[in-house]
Amino acid sequence: MAESLPEHDRILQEIESTDTACVGPTLRSVYDDQPNAHQKFMEKLDACIRNHDREIEKMCNFHHQGFVDAITELLKVRADAEKLKVQVTDTNRRLQDAGKEVIAQTEEIIRCRVQQRNITTVVEKLQLCLPVLEMYSKLKEQMSVKRYYSALKTMEQLENLYLPRVSQYRFCQIMIENLPKLREEIKEISMSDLKDFLESIRKHSDRIGETAMKQAQQQKTFSTALQKQNNVNYGRNMHLGRNRILESKNEITLKRTFEDEDEHEEEVLTAQDLVDFSPVYRCLHIYSVLGDGEIFENYYRKQRRKQARLVLQPQSSMHETVEGYRRYFSQIVGFFVVEDHILHVTQGLVTRTYTDELWNMALSKIIAVLRTHSSYCNDPDLVLELKNLIVVFADTLQGYGFPVNRLFDLLFEIRDQYNETLLKKWSGLFRDIFEADNYSPIPVANEEEYRIVISKFPFQDPELDKQSFPKKLPMSQSVPQIYMQVKEFIYASLKFSESLHRSSTEIDDMLRKSTNLLLTRTLSSCLQNLIKKPHIGLTELVQIIINTTHLEQACKYLEDFISNITNISQLTVHTARLYGLSTFKDARHAAEGEIYTKLNQKIDEFIQIADYDWTMSESDGRASGYLMDLINFLRSTFQVFTHLPHNNNDHAAMSGKVAQTACMSACQHLSMSLMQMLLDSELKQISMGAIQQFNLDVIQCELFASSEPVPGFQGDTLQLAFIDLRQLLDLFMVWDWSTYLADYGQATSKYLRVNPSTALTLLEK
């Protein structure tokens with residue numbers, strides 16, 4: 001018990017000295033102590049309480065008199081307090097009545113101050129919101145005037161700088177919700193503008209291309225004009241008249257060219273002037289800012305590829321007029337001029353790889369189209385204009401950096417076709433010339449007419465120059481005309497070779513090859529057909545032989561003419577030669593063969609009218625009428641051969657050789673025809689009178705042969721044509737069968753040329 005007292009004192013002391021919040025833990029320690037501690041503590045607590053009560057009682061007893069005195073004092077002041085209360089109440093009433101107006105004024109002041117504070121707050125908020133509203137108004141204005149790229153910049157400022165400051169307001173939320181819609185609207189509008197742009201350049205690409213091609217031509221005009229002026233004098237030594245005309249034409253062309261340049265110098269427009277590229281730039285910037293640049297690039301390239309396919313698709317009737325080709329080329333040039341401009345003014349929208357790929361695709365299509373459509377062109381002028389368009393087309397695109405070697409390779413294919421059309425055209429010209437020719441030597445009455453002829457054809461004959469006027473040139477009118485047409489063909493062929501970026505040597509080779517084709521194929525074919533025509537007689541055939549000789553001799557002048565045009569010497573190793581020699585030789589051989597054929601046909605016609613009485617008892621005593629007519633025809637024909645004008649030894653030798661061969665052929669054919677008449681299987685019986693009459697006809701043939709109808713035969717060469725017939729008739733006329741049989745097979749036989757079967761057949765008749 002004694003041990004626990006100090007602990008209980010401590011607990012009581014804590015209860016008295018600590019806050020009531022800490023009493024709980026203190027009391028809990030009482031219950032956590034040893035058994036009966038609670039009872040002991042309660043006893044201790046009661047003792048403590050009794051102690052405090054005794055102290056309180058002592059204190060109250062000590063202060064009791066003072067308390068009584070205080071109560072007494074309070075009773076005394078109660079009456080004064082009631083009076084004071086009445087006074088205070090009255091004073092309060094009077095004060096309340098007096099303060100009502102003050103209260104009203106005070107409330108008004110408070111309300112005004114609240115309004116002032118609200119106004120200040122509103123001004124502050126409006127000042128904060130005003131830049132946002134101004135920027136949004138600016139955005140709307142930019143949208144209305146289609147300044148979409150600036151509008152996107154304004155949106156970016158609104159989102160990043162202005163709207164975060166006033167994001168708590170509803171109108172800001174509305175703005176934030178509208179900005180993505182505005183972006184989509186801008187994208188749609190810019191894309192719509194781009195589509196309109198693409199549609200516009202698709203429709204106007206031909207004008208763009210035409211302008212670009214015109215500019216490319218103008219850039220080359222000055223140098224080309226100077227080059228033509230320098231080439232005016234080519235061939236002057238050989239063809240002065242022709243070159244004077246060309247010189248005047250070139251001067252006029254040069255003058256007109258410079259005048260046209262002066263007139264249009266201020267009118268030159270570029271693609272940038274013709275096309276408003278702002279929709280492309282705007283759309284590219286907008287999509288780049290919105291992070292969709294790749295989408296835009298893919299869309300643009302896809303649409304342009306589609307347009308490229310449309311541009312490359314030709315019209316079905318394109319080959320009929322040069323305007324069809326011009327429009328086709330202009331559209332293509334316009335397309336690639338636009339792409340080249342886009343390539344250089346934008347970064348990444350199109351790349352060089354993309355344009356090269358597009359160009360290679362287009363080039364393959366263009367070449368295929370030109371091959372197909374040019375094959376339908378039969379007019380050389382149209383083919384030439386097509387070539388000029390292709391050259392301008394290629395030069396224009398080459399100026400923009402596109403490779404065009406394949407186009408120039410294609411021009412060589414078209415050149416072959418051009419040559420074919422020229423050959424067809426000149427074939428008709430040659431036929432017309434041959435049809436209009438009279439196949440008579442050209443008469444010249446005076447020096448002026450002679451100069452006109454030799455200005456067209458390089459004819460030289462010193463012996464003819466010595467003769468007085470009037471005189472005749474050996475060739476007919478077709479010779480200078482053919483020669484001039486060959487030169488015109490060379491000029492026409494040269495027109496295609498111009499501007500092909502080829503060396504003079506290559507051009508010279510082209511001209512010579514095409515001229516060779518003209519001579520060996522076209523002119524040769526025309527000559528062969530001419531020779532075969534039924535209305536061409538023997539005199540005409542002889543004249544054709546003379547004409548071809550002069551044309552053959554003129555080939556060397558044509559070579560000089562080509563050399564003067566191209567400034568390439570004929571001594572150059574790789575220079576081709578004109579091989580018209582074979583053409584004219586073949587024509588002469590064909591004409592000679594036709595002469596022999598026509599003579600033989602005429603002989604056959606006379607033989608067919610022969611009317612022998614194979615049973616006559618004796619002859620008429622004179623040759624048959626048909627045979628005399630035949631001999632007179634042959635004599636007059638060979639006189640025509642002999643009297644053809646021979647102005648030099650070559651002509652005389654040529655005409656003499658043809659006449660001799662024709663005469664020998666005619667005599668041999670006549671002899672063979674007479675022999676076949678005797679041996680005809682339908683002839684069953686021949687009298688001696690008929691043999692005698694037939695012998696008289698053969699004698700006339702022999703007399704004709706011995707009369708030297710054509711000079712130049714040696715000895716009895718011509719008579720030998722009838723030797724077989726003569727020996728056969730002699731055998732039957734003298735009936736010398738014993739001699740024939742005795743000498744048969746010996747070289748010295750009198751009837752060496754008589755075949756036993758022939759003699760037996762005639763003997764049977």
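## Basis of the model

This is a predicted model, in which local features need pLDDT of at least 70 and side-chain atom pairs count only at pLDDT 80 or more, while totals for chains, interfaces and linings use all residues. Residues are numbered from 1 along each chain as its sequence is written, and side-chain values use heavy atoms, with hydrogens and water left out.

## The nonpolar core

A nonpolar core is taken here as a set of buried Ala, Val, Leu, Ile, Met, Phe, Trp, Tyr and Cys residues joined through side-chain atoms within 4.5 Å; buried means under 20% relative accessible area, exposed over 50%, and partly exposed in between, with a 1.4 Å probe and protein chains only. The largest such core has 192 residues, and those touching the most other members are Phe329, Trp359, Ile366, Phe393, Ile595, Leu674 and Phe694. Helix 5 (residues 170–230) gives this core its largest share, 13 residues, where helices (H or I, at least four residues) and strands (E, at least two) are DSSP runs numbered from the N terminus.

With contact meaning heavy atoms within 4.5 Å, and with neighbours within four places in sequence left aside, Ile366 is in contact with Leu312, Tyr328, Ile332, Trp359, Phe393 and Leu407.

## Aromatic rings and charges

Rings of Phe, Tyr and Trp (its six-membered ring) pair if their centres lie within 6.5 Å, and planes under 30 degrees apart count as stacked, over 60 as edge-to-face and the rest as tilted. By this rule there are 23 aromatic pairs. Tyr328 and Phe329 form a tilted pair, because their ring centres are 6.0 Å apart and their planes stand at 50 degrees; Tyr328 is buried at 3% relative accessibility, and Phe329 is buried at 0%. The rings of Phe457 and Tyr483, by contrast, are edge-to-face, with centres 5.3 Å apart and planes at 85 degrees. This pair links distant parts of the chain, 26 residues apart, since Phe457 lies in the loop between helix 14 (447–456) and helix 15 (462–466) and Tyr483 lies in helix 16.

Ring pairs also join Tyr328, Phe329, Phe335, Phe336, Trp359, Phe393 and Phe402 into a cluster. A charge sits over a ring if NZ of Lys or CZ of Arg is within 6 Å of the ring centre and within 35 degrees of the ring normal; in this way the charged end of Arg301 sits over the ring of Tyr354, 5.3 Å from its centre, and Lys471 lies over the face of Phe469, 4.3 Å from the ring centre.

## Two buried loop residues

Ser476 is placed in the loop between strand 2 (471–473) and helix 16 (478–497), and it is buried, with a relative accessible area of 0%. Beyond its neighbours within four places in sequence, Ser476 is in contact with Asp437, Tyr439, Ser440, Ile442, Gln543 and Asn547.

Phe713 is found in the loop between helix 23 (688–706) and helix 24 (723–734), and it counts as buried at 17% relative accessibility. The C-alpha atoms of Phe713 and Gln660 are separated by 7.4 Å, although the two residues are 53 residues apart along the chain.
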